[in-house]
Amino acid sequence: MTVWIDTHCHLNEEAFSPDLNEVVERAVAAGVRPMLVVGCTLASSRRAVELASQFPSLYAAVGIQPNYVAEAQPGDFVEIEELSRQPKVVAIGETGLDRYWDFAPIDLQREYFVRHIELSRARSLPFIVHCREAEADTVAVLREQAQQGPLQGVMHSFSGDLETARACWELGLYVSFAGMVTFKRNDSLRQVAKVVPADRILVETDSPYLLPSPVKNDKGPKRNEPAHVRYTANHLAEVRGVSQEEFAAQTTANARRLFPFDDVHLPG
Ligand SMILES: [Zn+2]
């Protein structure tokens, strides 16, 4: 069976509380493991760590997403730093910059972004970047940070242009694609996905968001889930002209190079 890693999902969100066990079982049955559960606030980061301790196939990332930095309390980031020492925490984030929503001043977002990158360096864990309509600002922060030492991270749910993608992989980052790349109107994003180097590309669901088109057309549920990662991945394999098996092997190797998952000896 083809195995995929879902490098970004939010099983810590309310949308999954009624049937989380079934969601995880469906994913594992579909060959999706491990799954990285990403925090957006202190509370959701705590929940991610808790889920990772309960489910062998789940890992956690802890951080405060740019749209939530204005409402974060003064001690929250200190607790994120503490949480990042917990077992099965394999990344810092999500962090980054967002000019689409107007939930937090950009300077405050930038301050948190830098703190997350510094934490990533202190813990030797990669960071996860959320970037929405703030590509130039994001690349500027990354270039500045690259002066301090090598960057280990991923541009998650990438939606920018080729110039941004190239700047990121040249800085040492990975570029990850979610369901958006399957949307009919997103030809330009597919052109970017086509040329990302084979050793730098990742796949994710960003579930419960960004349901891939093939599932949508099935008149299936509106909620996305990790089992659906293969729809996006198979679409990307086709765009890149490689077999599904080859693309699964590439993206799995990439995810394991970036994130310190230690599940390789677990059964199933
Ligand atoms: Zn996310």
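## Strand 5 and its neighbours

Phe-127 has Gly-153 of strand 6 as its bridge partner. Strand 6 covers residues 153-155 and runs parallel to strand 5, with three bridges joining the two; strands count as paired if DSSP finds at least two bridges between them. Helices (H or I, at least four residues) and strands (E, at least two) are DSSP runs, numbered from the N terminus. Strand 5, helix 5 (residues 135-146) and strand 6 form a right-handed β-α-β unit. A crossover is right-handed if, with the strands pointing away from the viewer, the path from the first strand over the helix to the second runs clockwise.

Strand 5 is also joined to strand 4, by five bridges in a parallel arrangement. Here Gly-96 stands opposite His-130 of strand 5. Between strands 4 and 5 the chain passes through helix 4 (residues 106-123), and this β-α-β crossover is right-handed. Strand 5 itself (residues 127-132) is mostly covered, with five of its six residues buried. A residue is buried if 20 or more other C-beta atoms lie within 10 Å of its own, exposed if 12 or fewer, and partly exposed in between, with C-beta atoms placed from the backbone.

## Basis of the model

This is a predicted model, in which local features need pLDDT of at least 70 and side-chain atom pairs count only at pLDDT 80 or more, while totals for chains, interfaces and linings use all residues. Residues are numbered from 1 along each chain as its sequence is written.

## Nonpolar core

The largest nonpolar core holds 81 residues, of which Leu-36, Val-37 and Ala-61 touch the most other members. Such a core is a set of buried Ala, Val, Leu, Ile, Met, Phe, Trp, Tyr and Cys residues joined through C-beta atoms within 7 Å. Leaving aside residues up to four places away in sequence, Leu-36 touches residues including Cys-9, Tyr-59, Ala-61, Val-90 and Phe-259; contact requires C-beta atoms, placed from the backbone, within 7 Å.

## Backbone exceptions

Two cis peptide bonds may be described. One joins Arg-33 and Pro-34, with omega about -5°, and Pro-34 belongs to strand 2 (residues 32-38). Another links Ser-207 to Pro-208, with omega near 15°; Pro-208 lies in the loop between strand 8 (201-203) and helix 8 (213-217).

That loop between strand 8 and helix 8 also contains Asp-206, a residue other than glycine whose phi is positive, near 55°. Asp-206 is buried, with 25 other C-beta atoms within 10 Å. Lys-88, likewise not a glycine, has a positive phi of about 70°. Lys-88 sits in the loop between helix 3 (76-83) and strand 4 (89-98) and is buried, with 21 other C-beta atoms within 10 Å.

Key. Contact = placed C-beta atoms within 7 Å.
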